[in-house]
Amino acid sequence: MNDFEPIRLAQVSAGYGQRMVLDGLDLELKQGTITAIVGPNGSGKSTVIRAMARLLPTRSGVVLLDGQDIRSFGSRGIARLVSVLPQSPSSPPGLTVRELVELGRFPHTGLFGRLGAEGTLAVESALTLTGLSDFVERPLDELSGGERQRAWIALALAQGASTLLLDEPTTFLDVRHQFEVLDLVASLCTSRGMTVVMVLHDLVHAANYADRVVVVDSGRIVADGAPSAVLTVELMRTVFGVAAKIFTNPESGRMFCLPIGTGRS
């Protein structure tokens, strides 16, 4: 996987219609790490992802991709460097797992281009890494939620991009499938040196899987650092409005802050 300068947001403001969501936000990704973006509902978490991927134009400031203004790239040029998995992605009925994953090669082949040897290898590698080699002829709509999410991640891997942006990848999944998806993401970061950004609601997942946690509130970054330093009892109270306690994961040794209620009787 090619090295390139990670995405950087410099004084980025963005929003929808008349509503401003991000307000002068600065954020620089670190290559080969997992960053979790967390915050209350409506805080701007997903908007950060959309700005990073140029899915939402900025009102001011600049998003840099490989050291260049992201606006200077064509759509296929961005897709060669950055893969994006939005919330609840959808596909045409009857599309098989292989057909979906092959769509990941579009940035390299164009709409009607042939996969070729390199593309075929990329697709097979993505299917193997996500454990879907035995599912290639299965229609996507016949899979479980966890299997579907792995198929979408395989599509993102087939792109061959160095950065993976995931917007709430565990939404609507049961506990086992949540862990399967997050274990897969962690292994990709380790084995392929991918830079991963995940919007997460579950703060325990953020504490256990992320190298770095960025807390967004009202369109601004209010905390940024290692999970144990950021997810404190005080932050849980002031940002999320909940009481919490500090625990240690007996398997990993990581400390995490577990919400235990609103603190009201």
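This is a predicted model: local features need pLDDT of at least 70, side-chain atom pairs count only at pLDDT 80 or more; totals for chains, interfaces and linings use all residues.
Which residue in β8 is the bridge partner of I34? The partner is V196.

Numbering runs from 1 along each chain as its sequence is written, and side-chain values use heavy atoms, with hydrogens and water left out.

**Strand β3**

Helices and strands are DSSP runs, numbered from the N terminus (helices H or I with at least four residues, strands E with at least two). Strand β3 covers residues 34–38. Five of its five residues are buried, so the strand is largely enclosed by the rest of the structure. Buried means under 20% relative accessible area, exposed means over 50%, and partly exposed lies in between (1.4 Å probe, protein chains only). I34, A36 and V38 point one way from β3. T35 and I37 point the other way.

Strands of a sheet pair through backbone hydrogen bonds, either parallel or antiparallel. Here, two strands count as paired if DSSP finds at least two bridges between them. β3 pairs with strand β8 (residues 195–199) in the parallel sense, over four bridges. β3 also runs parallel to strand β9 (residues 212–217), again joined by four bridges. On the β9 side, T35 has R212 as its bridge partner.

Four strands form an open sheet in the order β2-β1-β4-β5, with antiparallel pairing. Its edge strands are β2 (19–28) and β5 (68–69), each pairing on one side only. Strand β1 (residues 8–16) and strand β4 (residues 60–65) are joined by four bridges and run antiparallel. A10 stands opposite V62 in β4.

Helix α1 (residues 45–52) lies across β1, β2 and β4. The helix runs at about 65° to β2. For such angles, axes are lines fitted to C-alpha atoms, for helices over the stretch in contact, and angles run from 0 to 180 degrees between N-to-C directions. Contact means heavy atoms within 4.5 Å.

α1 is mostly covered, with seven of its eight residues buried. These are K45, S46, T47, V48, I49, A51 and M52. After α1 comes R54, whose phi is positive, near 60°.

A51 lies in α1. A51 counts as buried because its relative accessibility is 2%. Leaving aside residues up to four places away in sequence, A51 touches L22, L56 and V63. A51 and V239 are 188 residues apart in sequence; C-alpha to C-alpha, the two are 23 Å apart in space.

**Salt bridges**

Side chains of opposite charge can pair when their charged atoms come close. The criterion for a salt bridge is a side-chain nitrogen of Lys or Arg within 4 Å of a carboxyl oxygen of Asp or Glu. The structure holds seven salt bridges.

| Pair | N to O distance |
|---|---|
| R220 and D23 | 2.7 Å |
| R176 and E180 | 3.1 Å |
| R237 and E234 | 2.6 Å |

The R220 and D23 side chains meet in a salt bridge. That pair links distant parts of the chain: R220 lies in strand β10 (residues 220–225) and D23 in strand β2, 197 residues apart. R220 is partly exposed, at 45% relative accessible area. D23 counts as partly exposed too, at 35% relative accessibility.

R176 and E180 both lie in helix α7 (residues 175–192), four residues apart, about one turn of the helix. R176 is exposed because its relative accessible area is 61%. E180 counts as partly exposed at 25% relative accessibility.

R237 and E234 both lie in helix α10 (residues 233–240), three residues apart, about one turn of the helix. E234 is partly exposed, with 44% relative accessible area.

An α-helix has 3.6 residues a turn, so residues three or four places apart point the same way. Elsewhere, R98, E124 and E137 are linked in a network of salt bridges.

**A nonpolar surface patch**

V233, I246 and M255 make a nonpolar surface patch of about 240 Å². Patches are made of residues with over 30% relative accessible area and no salt bridge; like charges are joined within 9 Å, and nonpolar side chains (Val, Leu, Ile, Met, Phe, Trp, Tyr) within 5 Å. Accessible areas come from the Shrake-Rupley method with a 1.4 Å probe, and for residues only the protein chains shown count as cover. M255 lies in strand β12 (residues 255–261). M255 counts as partly exposed because its relative accessibility is 42%.
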